[in-house]
Amino acid sequence: MSKFNSSVILVSAFLYSIFISFNSVELIFLLPIAFLLLFEYKELIKLIKKLLFLNLFIGMIFIILLLQGDFENALNIYIRTNMIIFFNLLLFLKSSGYDVVRALNELRFPKKFVSSVYFSLKMIQTLSDEFKKMKQTLKSRGFRANSSLFTYETYGNLFGHIFVKSIKKAAALQDSFELRGFNGRIYLINSSSLTYYDVLLLFIICMLYVKEVVV
């Protein structure tokens, strides 16, 4: 479970991402990352692995810009993107997707928007679980993926099955909520409160804004 309030996580992610996107990189921008690392240093290897995986895509953008002869801009974008991703990985490492729903609800977003995000996450989770089950079933039957026609047919059947399953699940979810008298609003338990860590994190991010905008 994350040490930070759901709303603070979402607001911090938004503010930091926007701030880094529109400013040149400076060492002081690493301060929020260093602060979060104090809590998640045990997960550093896991975080770096995720960051390296995502760098497969970022690296492609870097290479394209590099080929256009704009090395400085390519390097700047590469570093900024990695900072934003690493900061968000640190923030959301121990946060479930439903914390985002809770944060949107606490921040008084429109009820229908909050409900839409909730149902989207619910469906993603359901389909992800279904995919894992089917993958496990194929593995237990000795299926080995290769470039044969049988493999393509198997994957085609797999995605077709998931597609049909998603429609059925969506219909079942709709029926379930209608029976419960769903009125467009998801009721959540807002048990999280602001802590000293939340205030400190927001203070550090606001400090960056003050430094760049006011000073």
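Trainee: At what angle do helix H2 (residues 31–40) and helix H4 (residues 71–92) pack, and how far apart are their axes?

Mentor: Axes are lines fitted to C-alpha atoms, for helices over the stretch in contact, and angles run from 0 to 180 degrees between N-to-C directions. In this predicted model, H2 and H4 pack at about 35°, and their axes lie 10 Å apart. Helices (H or I, at least four residues) and strands (E, at least two) are DSSP runs, numbered from the N terminus.

Residues are numbered from 1 along each chain as its sequence is written, and side-chain values use heavy atoms, with hydrogens and water left out. Because the model is predicted, local features need pLDDT of at least 70 and side-chain atom pairs count only at pLDDT 80 or more, while totals for chains, interfaces and linings use all residues.

Trainee: Is the crossing of H2 and H4 left-handed or right-handed?

Mentor: A crossing is left-handed if the near helix is turned anticlockwise from the far one by less than a right angle, and right-handed if clockwise. The crossing of H2 and H4 is left-handed.

Trainee: Which residues of H2 and H4 make the contact?

Mentor: Contact means heavy atoms within 4.5 Å. H2 contributes Pro32, Ile33, Leu36, Leu37 and Glu40, and H4 contributes Met83, Phe86, Phe87, Leu90 and Leu91.

Trainee: Is serine 17 buried or exposed?

Mentor: Buried means under 20% relative accessible area, exposed over 50%, partly exposed in between (1.4 Å probe, protein chains only). Serine 17 has a relative accessible area of 18%, so this residue is buried. Serine 17 belongs to helix H1 (residues 6–21). Apart from neighbours within four places in sequence, serine 17 is in contact with Ile84 and Asn88.

Trainee: What is the phi of arginine 108, and where is this residue found?

Mentor: Most residues other than glycine have a negative phi. Arginine 108 has a positive phi, near 65°. Arginine 108 is in the loop between helix H5 (97–106) and helix H6 (111–140), and is exposed, with a relative accessible area of 69%.

Trainee: How many helices and strands has the protein chain, and what is its radius of gyration?

Mentor: The protein chain has 8 helices and 0 strands. The radius of gyration is taken over C-alpha atoms; the globule rule is 2.2 Å times the number of residues to the power 0.38. For 215 residues the rule gives 17 Å, and the chain's value of 22 Å is well over that, so the chain is more spread out than a compact globule. Buried residues make up 33% of the 215 residues.
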